[in-house]
Amino acid sequence: MLPHFLGIGAQRAETSWISLNLQRHPDIYIPPIKEVHYFDRSFKYPSPNLSANILTRVFGNNSWWRIQFKAFCKAKSLKHKMWYSKYLFGRYNDKWYASLFNHGRGKICGEITPAYSILEPEDIYKIYELMPNLKIIYILRNPIERTWSAFKHRVSGRKRQLDSYPDDEIKKLLSDQGSRLRGDYLRTLDNWQKVFPKKQFFIGFLDEIINNPEDLMLRLYNFLGAKKPKIYLERIYKERINASAKEQLPKKYKEYLT
C-alpha cells in the first residue's frame, strides 16, 4: 500500500496547512505523522537521520524520535497507538514504509515531508523505481521570507530571545547548508523533474493559500483525483498553521539574504 502522492516542501510554505486540509477530505489518507522522513535518512542530508538500529533510536539523542515517542504515549485510540508503535520500533525498509499506509486502503494516500526537497537525484531515482506514477506537491514561498520564517521557527524552541543572538551567529544560521538547500527551488525542481515527468507535479504558492485557499484546494483535489463536492470547500481550514513568531525581518538581514 504505497503512497499515491508526496509533498516535498517547501519548508515553512504552509505544508502543515496543506496536510490538514487533505486530511479533512474523506477520500484522502495521510498518516498520523505528517512528515514520515523515510527517503531522507542519510547522514549526507541535514534531516532527522533516524538510525535503522532500534537501540540507537531508543537510547540515542535524536529529538525527532523523542517528539514522536511522546505523541505515541499521548495517542488515545488503539489504531493510532499501533501505528506509532510500528513507526517508532519497526525495521526500516520499503515493506515497512508501505505498511504505514495500510489504514488508507481504498483511499488516495500520501505524506508530506518538506526535507524531500533537498534529495539528490540518486535518491529520487529510488523513489521513482518504487512509485513511478507518484504525484508530487511542491508549494513555493518568497525565498527570503521562507528563510527568515525557518530561522525564527528554528530558534523558537531555544531559551533565548532573538535579540540575544549576535549578527554573525544569525547569519551563520540563515546561510547554513540546510537553509540553502531548502530555499533552492530551482535545484529541487531540476533534480526531481530529471526523474519524474512534469505532468506529475503540482506547483502552488503561499500567496494562493493567503488570497484564495478554496481555489488552491480545488485544483489540488483535482490533481490528486479526489472528489470535490461543495460541502468540503466549506470545511477548508483557512487559518495558517505553525506560524512563526512575528518578529519582522530587519533590513540588514533582508539585504544579507538578498
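A: One definition before we start: helix axes are lines fitted to C-alpha atoms over the stretch in contact, and angles run from 0 to 180 degrees between N-to-C directions. Keep in mind that this is a predicted model.

Q: OK. At what angle do H1 and H12 pack, and how far apart are their axes?
A: Helix H1 (residues 15-23) and helix H12 (residues 213-224) meet at about 65°. Their axes are 11 Å apart.

Q: Is the crossing of H1 and H12 left-handed or right-handed?
A: Right-handed.

Q: Which residues make that contact?
A: On H1, they are Trp 17, Ile 18, Asn 21 and Leu 22. H12 brings Pro 213, Leu 216, Met 217, Leu 220, Tyr 221 and Leu 224.

Q: Leu 224, then. What is the C-alpha separation between Phe 5 and Leu 224?
A: It is 7.7 Å, although the two are 219 residues apart along the chain. Phe 5 is also in contact with Leu 224.

Q: Where is Phe 5, and what else does it touch?
A: Phe 5 sits in strand S1. It has a relative accessible area of 0%, so it is buried. Beyond its neighbours within four places in sequence, its contacts include Leu 22, Ile 28, Ile 30, Ile 108, Cys 109 and Ile 137.

Q: Moving on. Where is the cis peptide bond?
A: It runs from Gly 9 to Ala 10, with omega near 0°. Ala 10 belongs to the loop between strand S1 (5-7) and H1.

Q: What about phi of Glu 14?
A: Phi of Glu 14 is near 65°, which is positive, and the residue is not glycine. Glu 14 is in the loop between S1 and H1. Its relative accessibility is 7%, so it counts as buried.

Q: Why remark on those?
A: Most residues other than glycine have a negative phi, and most peptide bonds are trans.

Q: And what is phi of His 37?
A: About 55°, again in a residue that is not a glycine. His 37 is in the loop between strand S2 (28-29) and H2. At 5% relative accessibility, His 37 is buried.

Q: Where does Lys 34 lie, and is it buried or exposed?
A: Lys 34 lies in the loop between S2 and H2. It is buried, because its relative accessible area is 15% and the cut-off for buried is under 20%.

Q: What does the Lys 34 side chain make a polar contact with?
A: The side chain of Ser 16, at 3.2 Å. Setting aside residues up to four places away in sequence, Lys 34 touches Thr 15, Ser 16, Ser 19, Glu 111, Ile 112, Thr 113 and Pro 114.

Q: Switching to H3. How many residues does it have, and how far does it reach?
A: H3 (residues 63-74) has twelve residues. It reaches 17 Å from its first C-alpha to its last, close to the expected 16 Å.

Q: Which H3 residues are buried?
A: Trp 64, Trp 65, Gln 68 and Phe 72. Seen down the axis, they fall within an arc of 95°, so they line one face of H3.

Q: Why can residues spaced like that share a face?
A: An α-helix has 3.6 residues a turn, so residues three or four places apart point the same way.

Q: What covers the buried side of H3, and what sits opposite?
A: The cover includes helix H2 (54-59) and helix H4 (78-89). The face turned away carries the exposed residues Ser 63, Ile 67, Lys 70 and Lys 74.

Q: Which residue caps the N-terminal end of H3?
A: Asn 62. One of its side-chain oxygens lies 3.0 Å from the backbone nitrogen of Trp 64.

Q: Now H8. Which residues are buried there?
A: In H8 (residues 167-174), they are Ile 170, Leu 173 and Leu 174. They cover an arc of only 100° around the axis, so they are on the same side of H8. Asp 168 and Lys 172 are exposed on the other side. H7, H9 and helix H14 (251-257) are among what covers the buried residues.

Q: Last one: which residues of H10 are buried?
A: Tyr 185, Arg 187, Thr 188, Leu 189, Asn 191 and Trp 192. What they pack against includes S1, helix H6 (121-130) and strand S5 (201-205). Thr 188 has 1% relative accessibility, so it counts as buried. Leaving aside neighbours within four places, Thr 188 is in contact with Ile 8, Ser 117, Tyr 138 and Leu 181.

Methods
Residues are numbered from 1 along each chain as its sequence is written. This is a predicted model: local features need pLDDT of at least 70, side-chain atom pairs count only at pLDDT 80 or more; totals for chains, interfaces and linings use all residues. Side-chain values use heavy atoms; hydrogens and water are left out. Helices (H or I, at least four residues) and strands (E, at least two) are DSSP runs, numbered from the N terminus. The expected span of a helix is 1.5 Å times one less than its number of residues. Buried means under 20% relative accessible area, exposed over 50%, partly exposed in between (1.4 Å probe, protein chains only). The arc is that of the directions from the helix axis to the C-beta atoms. Contact means heavy atoms within 4.5 Å. A polar contact is a pair of N or O atoms within 3.5 Å; within protein, one must be able to donate a hydrogen and the other to accept it, and residues adjacent in sequence count only if both atoms are side-chain atoms. A crossing is left-handed if the near helix is turned anticlockwise from the far one by less than a right angle, and right-handed if clockwise.
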